[in-house]
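Have the sequence and the structure open as you read.

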Amino acid sequence: MTAVRAAILAVVVTLAVVLQVAGFSLLSIHGVVPNLALLVVVAAALVRGPDFAAVLGFLAGLAVDLAPPADHVAGRWALALVVVGYVAGRVRQDAGSSPVAALVTVAASSFIGTSVFALSGMVLQDPAVPVAEALTVIPLAVGYDLLLTPFVLPPAMALLRRLRPPQVAY
Amino acid sequence: MRPPSPGSPQQRPRRAVVVLLLLAGLTVITLDARGGDDSPVDPLRSAVGAVVGPVETGTSAVLRPVIGVPGFFRTTGGLRDEVARLEAENAQLRGRLATSEVDRNRAAELDGLLAGAKDTGYAVVPARVVAMGPAQSFSRAVTIDAGTSSGISPDMTVINNDGLVGRVIRAERSTATVLLVVDQESVVGGRIGSTMEVGFLRGRGEQGDDARLDLDLADQSVTPARRDVLVTWGSRNGAPYVAGIPIGRVTDVRSSPGSLSAQAVIKPFVDFTSLDLVGVVVDPNTEGDRPVLGAGARQEETR
């Protein structure tokens, strides 16, 4: 059963990564596409908490880092999404219930994730991300992620709830 | 598995997991950044590319006609069967129309590519862009649906019917990754068409209408004129760039006293946001699973 759950999660993450580069590239705004992998990690954080979300974030981030046409140093999105999973998981008590709180969580997560990625680029000089570009891309990324939240977050959360191992309700 | 129970005092295991994952992330970054050209992450990248690349190709093929039509999913208020049936029929027809439009555009692009291959004398393998790196990753690269099985290898020039697109940086069996010339890490040797002066073009990382390249001329006494056309200068053995491919036009010239060379801003001919059909310049004798355009030009002329 655990293997089946893991396989379903792997399919969901792969689908998110592929759609983000192959599907939404046709609907990009200044090259910015919705970060579906990040939305899946946030959904995991809201349903399952920081532990699980951080692990999923690491794996999803690694997928984003390695799937073509990614060319940056591998591990940068993994690092960013671990932070996102942990932070979103810590605030999930409020965000799980109300839509507004969920939207705020997505906005914060998207901001943190893209910023951590940009900062790691500035540190590694890979490529040397100019601050001006980061400042235009990050708000666009947050906006586009918010736009997609109503369509991605509820189904992703429902799926993750169903995938949760049977346990005592809290 | 530990049930996630809010409020329970389980801070330490949580931190341990996160700290461990952060360290793992840093380890991967260090391995890849320090490894340079023979990074230990590269085999992993190839493996993921070999699996995900074809999936991207398939996804792109399915979604392209659908996303190509704005308002394709427009719904009406009516829910009667008849309306639904008519809508379905309408959608089907619209989908067919859209596909035919896409097909027509693609045929025109193919014609252009073929003409370009004849004009420049280079043999090209046609390929389509199936995935584009997000701007959030601050890297301008795309995936094309042709790879080593079609004779493509790293450091090959990629063009389309407008001009220079970029170069191949990684090739898997059925897909390849192309670094666009607008990427910040891309440097292309360019030659001004009117004066034959050479210089280096660097990308700025922007991709849309405001995509620009910065030109540093080797000879600082030369000032490029506006609207001058730049072509590739070409490298030894045509790797990574072959000579004579149009890159763009000078839109702005600046010369600052502090810098050693005159600087000019170039607007590329290629529209990088709507890249679809591209050609990879290959050896004319390449044998692969795709026809090589331009290689049989002489036979066609005698027809």
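## Salt bridges and the chain contact

Arg204(B) counts as partly exposed, at 28% relative accessibility; here buried means under 20% relative accessible area, exposed over 50% and partly exposed in between, with a 1.4 Å probe and protein chains only. This is a predicted model, in which local features need pLDDT of at least 70, side-chain atom pairs count only at pLDDT 80 or more, and totals for chains, interfaces and linings use all residues. Residues are numbered from 1 along each chain as its sequence is written, chains are lettered from A and ligands numbered from 1 in the order in which they are written, and side-chain values use heavy atoms, with hydrogens and water left out.

The partner of Arg204(B) in a salt bridge is Asp214(B); the term stands for a side-chain nitrogen of Lys or Arg within 4 Å of a carboxyl oxygen of Asp or Glu. Arg204(B) sits in the loop between β7 and β8 of chain B, and Asp214(B) in strand β8, 10 residues apart. Helices (H or I, at least four residues) and strands (E, at least two) are DSSP runs, numbered from the N terminus. Asp214(B) is buried, at 18% relative accessible area.

Here are some of the pairs, with their N to O distances:

| Pair | Distance |
|---|---|
| Arg204(B) and Asp214(B) | 3.0 Å |
| Arg170(B) and Asp71(A) | 3.2 Å |
| Asp276(B) and Arg128(B) | 3.3 Å |
| Asp155(B) and Arg167(B) | 3.6 Å |

Over all chains, the search finds eight salt bridges. Asp276(B) lies in the loop between β11 and β12 of chain B and Arg128(B) in strand β1, so this pair ties together parts 148 residues apart in sequence. Asp276(B) is buried at 11%, and Arg128(B) is buried at 18%. A network of salt bridges links Asp32(B), Asp42(B) and Arg45(B).

Now to the place where the chains meet. Chain B and chain A each bring 59 residues to the contact, which means heavy atoms within 4.5 Å. One salt bridge crosses the interface, formed by the side chains of Arg170(B) and Asp71(A). On the side of chain B that touches chain A, α1(B) gives the largest share, 15 residues.

Chain B as a whole has four helices and 12 strands, and 42% of its 303 residues are buried.
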